[in-house]
Amino acid sequence: MDKTAESYGFKAEIKQLLHILAHSLYKDRDIFLRELISNASDALTRLQFEALTNNDILDPEAEAAIYIDFEEAKEDKPATLVVRDTGIGMTQDEIVRNLGTIAQSGAREFLANLSQNNIDSGDVIGQFGVGFYSVFMVAEQVRVISRSYQPNAEAVAWQSDGGDAFTVLPADKADRGTEIHLTLKADAAEFANAYRLKQIVKKYSDYVRFPIYVAGDQANRRESLWRKQPAEVSADEHKDFYRQMTMDFEDPLLTIHFASDSPVNLRALLFVPRRRERGVLSIRKEPGLMLYSHNVLIQEYCTDLLPSWLSFVDGVVDSEDLPLNVSRETVQNNRLMAQLGKSVKARVLRELKKLGENHPEEYAQFIEEYGPVLKEGIATDPSSVEEILPLLRYHSTHSEEAWTSLDQYVERMSADQDQIYYVIGDSLASARRSPHLDPFKARNLEVLYWSEPLDVFLAPMLPEYRDKHFRNVADAGLELPADEAAPEAALEPLTPEADFNRFVGRCVTTLGDRVTEVRPSRVLKDSPVRLLSPDGQSVEMQRIYRMMGREVDVPPQILEVNRNHPLIAGLSSLATKQPDSPLLPLAIEQLYAGALMQEGLLPNPSDMMPRILELLSIATEAVERSADSVE
Ligand code: ADP
Ligand code: MG
């Protein structure tokens with residue numbers, strides 16, 4: 001062996017991964033080629049970017065391409081396969097780092113998700129990005145020979161049989177790029193076949209931008225799908241393109257393909273992925289659109305075209321009006337970019353609106369996935385509020401299941417309603433149970449449930465929508481539209497006034513300065529009590545602080561008591577007949593704690609436990625006593 005050969009151990013996770021790849025996985029082995037092509041394509045792209053600003057590059061004239069060649073097995077010689085690119089190449093340091101000593105996130109994720117079950121069914125591999133190492137599914141020996149684009153770097157070879165170690169040594173390679181030489185396992189000899197290889201290239205890599213030659217023939221169609229007339233491209237072609245572009249296994253939620261020639265030349269093929277989270281296998285590593293000019297990729301992740309609250313949109317934008325030899329800085333400052341961005345954004349907003357109108361179920365998925373991103377957009381870029389609000393959807397008292405848009409809410413409003421009502425809750429379930437809803441239900445007024453953390457943040461920031469102000473139903477000064485038929489006005493109070501006043505007095509003494517006032521409620525129906533904030537502000541802030549994990553004193557609030565509630569009637573009678581009963585202060589404390597909890601303001605819910613136990617034992621004793629007296 002060469003004197004200068006150096007041996008390295010693979011990183012522990014990689015060893016484990018290699019063992020599984022080499023010994024356990026027999027299905028979908030063809031993805032090794034997809035991984036090698038994807039690496040070659042990355043290397044070619046990186047070289048092109050380097051060439052934009054650097055003239056000192058080895059082999060500047062070499063064609064940017066990927067070459068796949070093979071030799072069938074014969075007699076005692078195993079089959080071999082070579083994948084070669086003219087990309088950026090690797091230096092000795094890079095090869096050691098990239099292929100063996102740094103554990104990639106993909107490998108870790110893969111191992112974490114691996115269970116015996118999915119090894120047996122064999123469909124794990126397709127879902128995780130194990131990248132380069134997937135070659136050990138088909139190869140018993142791998143030799144990588146690479147030469148960096150840097151003119152004075154030396155060629156280097158890396159080799160391994162997929163065991164615990166790899167060897168790095170100097171190599172002979174005059175031209176720029178990387179060659180992966182595989183000695184195929186006996187049971188993988190099928191891959192040394194032109195027809196099979198072309199088939200795999202078509203399946204996974206048809207839209208790779210660089211030509212892929214299998215035994216000299218170009219095997220991928222390399223088509224700029226986005227430059228075709230949208231009407232001439234089928235839904236399946238769009239899906240295929242999306243899958244190859246992202247390696248996302250799910251179809252996109254929305255596909256937008258359009259072309260225009262004024263005010264700027266623009267061809268775009270955009271997608272909204274079904275999930276916000278990118279899989280580890282995803283080829284698209286960052287947010288941003290691929291920006292092309294004259295069919296040349298000038299920016300791989302362009303974030304200047306769409307605002308951050310639309311950064312989940314992925315795809316290609318191509319404009320012939322952009323100068324070809326632009327550097328990143330000029331792309332950013334280009335007046336044309338502003339125009340392109342405006343057109344792209346307008347189109348995306350229009351298509352989202354259409355999706356909401358025509359496919360509410362798909363749109364519901366969109367909202368569940370991206371609603372928080374849109375709301376963040378309002379928080380970080382308040383000037384966009386008018387664009388974002390119509391996209392949002394909320395649950396409301398109108399329907400248990402369906403989402404409603406603000407437009408639908410406004411359209412359902414009766415002529416005399418002039419505000420958009422919302423109730424805040426820690427969760428949808430707690431918002432639905434809010435005592436503040438009593439008078440709204442009685443009057444048939446719709447209330448939006450604002451139960452996501454961002455709703456709480458945004459509540460004080462939202463201006464109005466279609467001239468209607470947003471209004472919190474817990475607002476102490478809230479005047480409801482007059483309604484003679486409102487049931488709470490019609491009822492004969494259940495609790496005699498003197499008893500009720502005694503109970504209210506007990507609330508005041510028990511709760512002290514935790515309440516600013518205890519008053520009879522004119523609006524409660526099914527709930528015994530509720531808390532209102534005297535000024536609104538302090539409670540909003542308190543909620544936000546609590547969400548950020550800060551403990552702040554609970555601000556004093558107004559306690560409203562429902563004179564028509566059977567529990568209040570019972571407690572009021574108790575306050576008159578047995579003012580010393582230990583039940584009274586316990587019940588008042590518990591009603592107060594429950595109301596705080598309902599508002600999402602109770603600091604330590606577990607503090608309620610001793611009191612609840614005491615209340616339970618009082619209740620049990622009472623039941624036993626009445627059972628005894630029956631006997
Ligand atoms: P990933 O592509 O997700 O980074 P891989 O395991 O496929 O992970 O590759 C690991 C790294 O090895 C790449 O990030 C790249 O730096 C390097 N690499 C792999 N193949 C090539 C190649 N053909 N040319 C240059 N570098 C390569
Ligand atoms: Mg890769």
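M548 has a relative accessibility of 43%, so M548 counts as partly exposed. The reason lies in the cut-offs: buried means under 20%, exposed means over 50%, and partly exposed covers what is in between. Note that this is a predicted model. M548 is found in the loop between α18 (537–547) and β23 (557–561).

V518 has a relative accessible area of 12%, which is under 20%, so V518 is buried. V518 is part of strand β21 (residues 515–520).

Now step back to the whole chain. The domain assignment lists domain 1 (6–218), domain 2 (225–361) and domain 3 (492–630). Taken over C-alpha atoms, the centres of domain 1 and domain 3 are 69 Å apart.

Next come the aromatic rings. How many aromatic pairs are there? The count is 22. Take F32 and F191 as one of them: their ring centres are 5.3 Å apart and their planes meet at 80 degrees, so the pair is edge-to-face. The F32–F191 pair links distant parts of the chain, 159 residues apart. F32 sits in helix α2 (residues 31–53), while F191 sits in the loop between β7 (177–184) and α6 (194–205). Are these two residues buried or exposed? F32 has 0% relative accessibility, so F32 counts as buried. F191 has a relative accessible area of 2%, so F191 is buried too.

F312 and F366 make another pair. Their ring centres lie 5.7 Å apart and their planes stand at 65 degrees, so this pair is edge-to-face. F312 lies in the loop between β13 (296–302) and β14 (314–318), and F366 lies in helix α10 (residues 360–380), so the pair ties together parts that are 54 residues apart in sequence. F312 and F366 are both buried.

Aromatic residues also group together. Y8, F10, F132, Y133, W158 and F166 form one cluster. Elsewhere, rings meet charge. R34 lies over the face of Y204, at 5.2 Å from the ring centre. R84 lies over the face of Y67, at 4.2 Å from the ring centre.

That leads to charge against charge. Side chains of opposite charge can pair when their charged atoms come close. The count of salt bridges comes to 38. In one of them, K173 meets D175 at 3.1 Å, N to O. K173 has a relative accessible area of 6%, so K173 is buried. D175 has 31%, so D175 is partly exposed.

D240 and R243 form another salt bridge, also at 3.1 Å, N to O. Where in the chain do D240 and R243 lie? Both are in helix α7 (residues 235–246), three residues apart, about one turn of the helix. D240 has a relative accessible area of 30%, so D240 is partly exposed. R243 has 29% relative accessibility, so R243 counts as partly exposed.

A further salt bridge joins K375 and E452, at 3.1 Å, N to O. K375 lies in helix α10 and E452 in the loop between β18 (447–450) and α15 (453–458), so the pair ties together parts that are 77 residues apart in sequence. K375 has 4% relative accessibility, so K375 counts as buried. E452 has 28%, so E452 counts as partly exposed.

Salt bridges can also be followed as a network. Which residues does it link? They are K202, D206, R221, E223, K228 and E237.

How values were computed:
Residues numbered from 1 in each chain as written. Chains lettered and ligands numbered in written order. Predicted model: local features only at pLDDT ≥ 70, side-chain atom pairs only at ≥ 80, totals over all residues. Heavy atoms only, no water. Phe/Tyr/Trp six-rings, centres within 6.5 Å; stacked < 30°, edge-to-face > 60°. Helix = DSSP H or I, 4+ residues; strand = E, 2+ residues; numbered from the N terminus. Buried < 20%, exposed > 50% of the residue type's maximum accessible area, 1.4 Å probe, protein only. Lys NZ or Arg CZ within 6 Å of the ring centre and 35° of its normal. Domains from an automatic or database assignment. Salt bridge = Lys/Arg side-chain N within 4 Å of Asp/Glu carboxyl O.
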